[in-house]
Amino acid sequence: MKTPAEHRAPAFQAGKTLKKIMADHFLELDAAAKSRERKIAWCSSVGPVELLRGMGFLVYFPENHAAMLGATRMATELIPTANALGFSPEICSYLTSDIGSYLRQKTPLSKAYGINALPKPDVLVFNTNQCRDVQDWFAWYAREFQVPLLGIFSHRDLGKIKDYHLQDIAKQIQDLVPDLERIAGRPFDLERFQEAVRLSKTTSALWRACLETAAERPSPWSFFDHSIHMGPAVVARGTQVAVEYYEQLLAELRERVRTRTAAVPDEQHRLYWDGMPIWGKLRALSELFASLKTCVTASTYCNSWIYEQLDPEVPFKSMARAYTELFIVRNEQFKEQYIREHVRAYHCDGILFHDSKTCPNNSNARYGLPQRLQSVSGIATLAINGDLNDLRCYSEEQTKTQIEAFIEQLEE
Amino acid sequence: MNTAHHATGLFAGVDVGASRTKAVVLDQKRKLLGSDVLKSGLDFSGTAETCLQAALHKAGMSADSLTSCVATGYGRKNVRRSGITKTEIACHAKGCFHFFPMAMTIIDIGGQDNKVIKLDNVGRRIHFKMNRKCAAGTGAFLEEMALRLDLALEDMDHLARQSQEMVELGSFCTVFSATEVLENIRQGRKIEDIVKGVYHSMLKRVLEMDTLDDAVVLTGGVVAHNPFLAEMATVLTGSEILVPPFPQLTGAFGAALYGLELESRPDTRQADSGHT
Ligand code: SF4
């Protein structure tokens, strides 16, 4: 019997840089919150971060904190506190665990960085392109901290994106400027904004190049690595730090491709993962797949995190495009096509749909998509039930059996 | 264990389910020589061994003469004697295809979960689904209802057969169904009508898990002990429902068949999906 460690590829050198980036990110926010020397904006993960950076805000991402609550398995215990306030256990468990964490004053930042409180915001900014839950989540904090709440209300379920969609979103982003100027206490700086857009675009291009190395056989990394290394693409998007990080990571990945260093030794099967990660089970699932000689080479979650449409020459319009062309904003036909193309590009033998109980927005097994993909392209699909953060919605044994049975099916 | 070719060729399959452990012993002609069923209890390894020994005993054989032993089921990794594990999904499929070699939809009703497995006409699995984390439609649901009705599980089948006017239970959830059952008791509805209603509700939960293509095969311990379920399923679906000879043993049977097939294809003997 192989021990889990034997199934694993060597750790990434970039991992050390990653740790430092995450530490610097939180420590800088914590220092700013204490000194009040810089203004802090809380932003949804696919919110208008470039604009916020352009206006000199330090940016904090509640979703990133919530994912940490999931990964450290603190979430499940904290969720009921928010439930008691009237936030249903059926809605986003990022929201419920994060609000629970705030109320119970328990954060993974304490253990990791010695930080005991979240950096108090001066403003909260969301985009409903991903879901409605972010606005309710942010609205709660806006009431709690008595600070302004700003939002972009996106069109959703889009097939072909029309110019009026983009004009509307671009205008909404632009309309944030006067409020943000007032809160920031400084005028809008176009050049700085354009620079953030440029850095975001470069980050996206590098992130894409990193992900594309997983198309190689054997793949040098898997979805479980992607989910971790995506951190800087979220929290440092629009900064030089992210650019340098992905340059380092890309070099390392290319070296692994050259030396045929596999994420999963003796890789036999390749899967596509649709849906959110199950944060508290990343390690366990990664080991399970490795023991089954299976590499999850691509995912909707990580692979759709690319905003190359950004263009510093037309920052508002290109931001509107980047944040509207996103997978999660699109209709079923688009999603079907997107997954099919990625399954092909990343040489996947099957698709695993994680139907995440509390995030319908990232769960694509609910309207017959797996069945359509299986019947149209003959690709095997499996849907598992779980959740991003609420481990009460996840049956580990049942899922293990399903995954093993799925791999057996691919082998037969 | 003797893994070399044996003159008699003896193949064991042990299915350690969350509720019951099943063991079968087959000869190389796939004939069932002995079997046993035990409550899985808390010591899966011990129960698996006892169950296997009992099956061997009934077959008039000893463990020394085993050619292979394949384990399946929830506790498959706990079977010490087995070098090979296969999921119960694979084993039910293998077992059912042995009895009905055709394209089919298998519905396995277990003590704790249900599975719908689709096979093509050469027995290859195309797709499968397991129930969500909910007892609706599983053996656990029946047990809960028997408890509410103060009935022994084994009395349910003949009671359900006597029903003239079935009670409708509409809830999806086991707890809500229990409340509905209590309400029907309060209203003085006949016990047999309530039991049939319980069967009906359970079948509906299972049959609506997926489309029912080709031949429909019902298997698993619950059907073994409640054969009226298969008859009701025929009425509900309007098509014939096939049931293998020993529905509770299908998984263990399939496991033993895996061992037999691996033995007859020595090149694939290492094709062990279980990382034991
Ligand atoms: S997309 Fe899903 S996980 Fe993310 S904030 Fe919205 S509901 Fe929560």
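Modeller: When we count charges, Lys and Arg are positive and Asp and Glu negative, with His and the chain ends not counted; each charge is placed at NZ of Lys, CZ of Arg, CG of Asp or CD of Glu. On that basis chain B carries 30 positive and 32 negative side chains, and the centres of the two sets are 4 Å apart.

Bear in mind that this is a predicted model, where local features need pLDDT of at least 70 and side-chain atom pairs count only at pLDDT 80 or more, while totals for chains, interfaces and linings use all residues. Residues are numbered from 1 along each chain as its sequence is written, chains are lettered from A and ligands numbered from 1 in the order in which they are written, and side-chain values use heavy atoms, without hydrogens or water.

Now the whole of chain B. You'll find 9 helices and 10 strands in it (DSSP runs numbered from the N terminus: H or I of at least four residues for helices, E of at least two for strands). Its radius of gyration is 19 Å, close to the 19 Å the globule rule gives for 276 residues, so chain B is as compact as a globular protein of that length (the radius is taken over C-alpha atoms, and the rule is 2.2 Å times the number of residues to the power 0.38). Those C-alpha atoms fill a box of roughly 65 × 35 × 30 Å along the principal axes. Of the 276 residues, 56% count as buried (under 20% relative accessible area, with a 1.4 Å probe and protein chains only). Take the contacts (heavy atoms within 4.5 Å) between residues at least 6 apart in sequence: 66% of them join residues at least 24 apart.

Let's zoom in on Thr21(B), which sits in strand 2, residues 20-27. At 0% relative accessibility, Thr21(B) counts as buried. Its side chain makes a polar contact of 2.9 Å with that of Ser40(B) (a pair of N or O atoms within 3.5 Å, one able to donate a hydrogen and the other to accept it; residues adjacent in sequence count only if both atoms are side-chain atoms). Beyond four places in sequence, Thr21(B) also touches others, including Val14(B), Leu38(B) and Cys51(B).

Next stop: Asp113(B), in the loop between strand 6 (104-109) and strand 7 (114-119). At 15% relative accessibility, Asp113(B) is buried too. A 2.9 Å polar contact links its side chain to that of Lys115(B). Its contacts beyond four places in sequence include Met130(B), Thr138(B) and, from the other chain, Gln398(A). The C-alpha atoms of Asp113(B) and Gly139(B) are 7.7 Å apart, with the two residues 26 apart along the chain.

Terms used. Buried means under 20% relative accessible area, exposed over 50%, partly exposed in between (1.4 Å probe, protein chains only).
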